[in-house]
Amino acid sequence: MLAADPARLGAEAVRAERAGADWLHVDIMDGHFVPNLTFGPAIVRALRGATSLPLDVHLMCSRPASLIEPFAEAGASGLTIHVELGAQATDLLWKIRSLGLKAGLAVNPPTPIQAVRPLLPQIDLLLVMTVNPGFGGQSFIEECVPKIQQAAVWRRELGRPFRIEVDGGINDTTAAECAGVGADTFVSGSALFRQRNLPAAIRRMRILVKRHAGVHEKPRKRAPAVR
Ligand code: ZN
């Protein structure tokens, strides 16, 4: 929704729904965790009234503890917090789940993927940021691709079906690249919203990611054969 026309958010949500989007991703920035301000719970509530799509709410906020309940009450379907918050992340994820919402964990480009490993049993979604958060319309950071690949390995090892979502600079090319290493959920703002024919753009991206799904995932380590 960050790439939508801010003066027509409800209409843009309906446009995305009619065009075949599966979810709406809503970037919440607090002017502190990132140097930008975007939406609050009132906007999420308004979007909830405009569309029946799941609202995937990404909290780029330094103090999300006091925001979880307001966003849950506003109609968020899932809430994603950042691993960069440190020790409080465990309690935040627990709180999100206790409210019946999908719990997401995001990791910024400079943060090693190892930081998310202890929290994987607690999450429904891992958001690998593919740009530094703060503004829409940035270019994809290639160095984030191995992090997706590692996350997909852990997902198989743990046998936990959390989604791997990518967010930032996602267009047809980068979506296909991320799908190849195990991403299955794609946040695309500017690349989709600027298309006049949004249904065709979403269809095209969906076909591309299906075609590339998992082709470059690391092979499963074989257990030694017992003979
Ligand atoms: Zn986001």
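**Charged side chains in the predicted model**

Modeller: A polar contact of 3.2 Å links the side chain of E12 with that of R15; such a contact is a pair of N or O atoms within 3.5 Å, where within protein one must be able to donate a hydrogen and the other to accept it, and residues adjacent in sequence count only if both atoms are side-chain atoms. This is a predicted model, in which local features need pLDDT of at least 70 and side-chain atom pairs count only at pLDDT 80 or more, while totals for chains, interfaces and linings use all residues. Residues are numbered from 1 along each chain as its sequence is written, and side-chain values use heavy atoms, with hydrogens and water left out.

Colleague: Is E12 buried or exposed?

Modeller: E12 lies in helix α1, helices (H or I, at least four residues) and strands (E, at least two) being DSSP runs numbered from the N terminus. Buried means under 20% relative accessible area, exposed over 50%, and partly exposed in between (1.4 Å probe, protein chains only). Because its relative accessible area is 5%, E12 is buried.

Colleague: Which residues are linked with E12 in a network of salt bridges?

Modeller: E12 and R15 form a salt bridge at 3.2 Å, N to O. Both lie in helix α1 (residues 9–18), 3 residues apart, about one turn of the helix. The network links E12 with R8 and R15.

Colleague: Which backbone nitrogen does the side chain of E12 reach?

Modeller: Not counting residues up to four places away in sequence, E12 touches M1, A4, D5 and F193, where contact means heavy atoms within 4.5 Å. At 2.7 Å, the side chain of E12 reaches the backbone nitrogen of D5.

Colleague: How many residues apart in sequence are the parts that D22 and R206 tie together?

Modeller: The side chains of D22 and R206 meet in a salt bridge of 2.8 Å, N to O. D22 lies in the loop between α1 and β1 (24–29) and R206 in helix α8 (residues 198–212), so the parts tied together are separated in sequence by 184 residues.

Colleague: What is the distance between the closest N and O atoms of D184 and R155?

Modeller: D184 is partly exposed at 35% relative accessibility, whereas R155 is buried at 15%. In their salt bridge, the closest N and O atoms are apart by 2.9 Å.

Definitions and conventions. A salt bridge is a side-chain nitrogen of Lys or Arg within 4 Å of a carboxyl oxygen of Asp or Glu.
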